[in-house]
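Here is a short briefing to read alongside the coordinates.

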Amino acid sequence: MHFNGLSGKEVAESREKYGSNMIPDSEPTTFWAEFKETFGDPMIKILLFIAALMLAMWFFGYAEIYEPVGTIVAVLIVAFVSAKTGVASDTKYRQLKDSTKKDQCKVYRNGVVSVIDVDEVVVGDKVLLQSGDKIPADGILIHGDLKVDNSALNGEAEECSKVAAEGDLRLADEITGDTFVDKHSLFRGAVLFDGEGVLDVQKVGLSTMMGKMAEEMQDDEPDSPLKVKLSKLANQISKFGYIGAIVIALLYMASFILAAGSLDAYLSLGVPQIIKDVVEAVSLAVVIIVCAVPEGLPLMISLVLMQNTSKMLDHNVLVRKAEGIETAGSLNILFSDKTGTITKGHLEVVEFFTADGIAIPLEELPQHDKIKNLVDLAIGKNTQSMFDAEGRVIGGNATDQALMKFLGEDAFKKLEDSCTVTDLQGFNSANKFSQAHLKEIDKTVYKGAPERLLASSRKYLNALGEEHPIDEAVINAKIDALANKSMRVLAFGYSEQKMTESKINDDTVIVGFVGIRDDVRPEARDSIADVQKAGIQVVMITGDRLETAVAIAKDAGLLKSEDDIALTSSQLNELSDDEVKKIIPRIRVIARALPTDKSRMVRLCQEMNLVVGMTGDGVNDSPALKRADVGFAMGSGTEAAKEAGEIVVLDDNFQSIKDAIWYGRTIYHNILKFCKFQLMINVAAVVVSAIAPFFGVEEPLKVTHLLFVNLVMDGLGAIMLGNEPAQEQYMTEKPRRRDENIVSKPMMIQILVMGLWLTVLSFVFLKVPFFDQFFASPEEKLSAYFVLFIWSALFNGFNVRDDGFGIFKGLNENTGFMKVFITIIVVQALIVNAGLVPFVVFDWIGNMFSCIPFPLVGWVVVAILAMTMIPVDMLRKAVTKKI
C-alpha cells in the first residue's frame, strides 16, 4: 500500500498546532549556577558570618584586614573547586551524548519516502517501520504487522505482536501497562524485532509516553545523605562555637570585675577602659568561633569528590553529579531493573540436552560431531535469521536470532555452501514448528515446540549419537524443570523421508533440545552477593510476569528463604503505604511493575529514612532514577535514563555498581578521617584559646595561625587523606542511616582525648620554665608554639589513617600523604624564618603570622613533643579496645 503522507505546508501546520517531536534535554550545568549553589552550604554560611564579623572589627580598628580577607578567599576557593567539579562531570556526560548520532526515521511526505531526524516528526506523519527501527513517536499501526521490543518502556525484552488497526482508531488517553502490549498501539522508544508496517503518528514530543516521563523527572531531588549529615554537623558545631564564645567572653569580663575587686570598682575605671575590655572579650569570642568552625571541611569535600569522579572513569563509571559517588556508599536499599541490568537483555541459548535428560555443556557440544552437525542444519537451513556483512544477526524473531547466535557466524557460512534446501516451511503459530528438506543428505530437519516433535517421534540420539527409545516421563520432567527456571524449550529432529507440508513425519528422531531465556549476567551474581554482604538490600523490580521474575531472582541469588517476598504490582497496590513499609525489609521481587510502582517504592523507603538507589536503562526507569538518592543509569540505556541518573555505568556491569558503592564508602571513610584530623585541632584550639588568658598567656594562637590551620593545612590535608586507598573491610560494614551523625561515639572519644592531650602539651610547653632555656625571648617561644601546634596535628594525621595500629600501612598507595606532610613542614619553616630574608614582603609575612626565627635546638624540642601524639593515641586505642 502506498501513502502520500503530509505536504510541506501540512507539516508546518501540524507542528504549529501539536508542537515539535523534540524532548528537551535538561539545561547544561553552568559554572555560575554551580558557583552560586555553593553558598547554600551551611558551613559556607558560617564562614561568611565569621568574615562579616571580622570585617566589622577591622572597620573599627580591632582586627587586621587579612583575617576576613583570608576567610573570604577560602570560601571563593571552595566555590570555584565545587563549580569546576560539577561542570566537568556534566561536560563529560554531554560529550558522551554528543558523540552519538541522532536517531532518524523514514516518513512518507509529498508522495515519497524521506529520511528525517526523529525530532522533525509531526502529528499526522505516516512513518515507515522496518526490522531494527526505533519507533519515533506514539501512534497506531495502520498497515503491516510487526513484532516489537518494548523493553525501553516497560523493561521487558519479550516480543510483542502488533497488527494493523481497522478504521480510524485513536490512541488511548490513559496509558497503562496493558496498553504497551495491545494489538495496535506503538510508543516512542520501542524497537522493531521483525516485520514491516506504517505508523500513524498521533502524539509527539512531550505528549508521548516518553515525553511525559521526561517531564516527571523535573521534580526536585532529595538532599544527598552527605549534605544532610554535613548540615547536622554544621548546626552542632555552630551551636558549640557560638555558645562557647558567649560563655568565654562573659567569663573573661567576669575576670576583669574580679580583678577590680567588685562591680562598682570596675565601673569606676571609666568608659574607655570598659570598652577596651569589651573589645578584648569580643576578640576572644571571635577567635573561639574561628577555632570551632572547621573551615577546611567544605574545601576538603570538594577536592575529594573532584579527585574521585575522575578516578571512577577507570572503573567504567561516569559520575554526572559529584555527590552521587559518595551517596552510592551510603545505600541501604538498591532497586534494580531486571532486563539488561541483572540479565543480559536478550534471549540466548543457555542449555542443551538430549532426550534422556542429560545436559551437554555448550562448550563441549562440538565434541559430539553427529549431534552438533544435525543441530547446525536444523538451525542454519531452517530459519528466518541470518548474519549481515558486519557480523550482526538480522531478520527473524527473537528466538530465531538467539538460535543463530548459538550456531555462530562461522558455522552458518560453512552451511551456506555445503547444503541445498529443496523445500522449506517456516514457523507459524498453528503448526508450532518449521521444517526444511536438504538435498545433499536427503533428510528433513525440524525445529519447534517439544510437544509437537515428541508426538511424532519414537527415538532419540544420545550424547554418543546412538539411537534409543524415548522415555517421555524423563524428558517431560526435564522440560518442566526448565520451565520452572523460566526457560523456553525448543526441540530439534530429523526424518529420512521427504518433507510433508504442515506435518511432522512419523519416523522423526529427536536430536536434542535447547533452553532459551534472557539469562542472568555471570558477573551480576557475584556483584549482587558482594552488595548484599555490604548490608544493602537488593530488590528486583520488573515489568515481567511473576513466574519469570522469581526464576531469575533465584538464579541471581535474590530469593534465598521462605521469608523473602515476591509480589506483583496489583498485589502491591492492594496494600496501604503503612502496610508496604512493614514488609519492605523482606521484599526481594516486584513483578509487572509500572513506573509509578518504582517511584512509590523509592518514596516509601525515603520516608523510612533509608538511602535509596535505583538502577535502570529504559525510559520507564527514568522517574524513579531521578527520585532516588542515587540513580545508576546503564551506558547502553536510553538518553532519558542517563539524564535522570547521577551515575552512568558505561559497561552496564553490576561489578561497576559494586565498585561505585565501594569507592563511595571509601570517600566517606576518608571524610571521617579528615573530620577526626581537623576537629581534634579545633577542640584543642578552642580550649587553648579559651583558657590561655586566664593563665596569663595572651593569644597563643593568632587568628592568622588558625586560618593557616583551617585553610592552608587542611586544604592540603584534603589531598593527604582524601586519597587514602579503598579497603575490602568497607564492603562488610553495615550501611549508615541518612540522618546518622558524622561524629560517632568512638570518633568523639578519639577527638576529645587527642585534643585534650594537645591542650596539656600546649600548657606544659608554654608554662613550664624548663622550656624557656631553648629560646631567647617569649616571642621566639610563641613562634615555636605555633610550630608545635601544627606539627602535633600533622603527626595525628597518621593516627586517623587506621582505627587500629596499622597507621603506616598503605602509604605507598597514597604517596600524596608524605608529600603533603613534608610540604606543610617546609611552608611553616619558611613562614617562621621569613624575617631572615632582607625584603619587605618577607617582613610583612613574618609580622602577619607574628613569627620570628628561633634556634635549631628549639625545632628539635618541638619535634620530640609533637611526636608524642602517636604513642598517646596508640595507648588510647589499646585501652578502648579492651573496654
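Contact here means heavy atoms within 4.5 Å. This is a predicted model, in which local features need pLDDT of at least 70 and side-chain atom pairs count only at pLDDT 80 or more, while totals for chains, interfaces and linings use all residues. Residues are numbered from 1 along each chain as its sequence is written, and side-chain values use heavy atoms, with hydrogens and water left out.

**Around K311**
- K311 touches Y663 and N723, residues up to four places away in sequence not being counted.
- K311 and Y663 are 352 residues apart in sequence, and their C-alpha atoms are 9.7 Å apart in space.
- K311 belongs to helix α11 (residues 296-311); helices (H or I, at least four residues) and strands (E, at least two) are DSSP runs, numbered from the N terminus.
- With a relative accessible area of 27%, K311 is partly exposed (buried is under 20%, exposed over 50%, partly exposed in between; 1.4 Å probe, protein chains only).

**Around N382**
- N382 sits in the loop between α14 (369-380) and β11 (386-387).
- N382 is buried, its relative accessible area being 2%.
- Beyond its neighbours within four places in sequence, N382 is in contact with several residues, among them L377, L424, S434 and Y446.

**Helix α20**
- Helix α20 (residues 546-556) has T548, A549, A551, I552, A553 and A556 as its buried residues.
- The cover over the buried residues of α20 includes α13 (338-342), α18 (472-484), β19 (508-517), α19 (522-533), β20 (537-541) and β22 (587-591).
- G557 follows α20 and has a positive phi, near 85 degrees.
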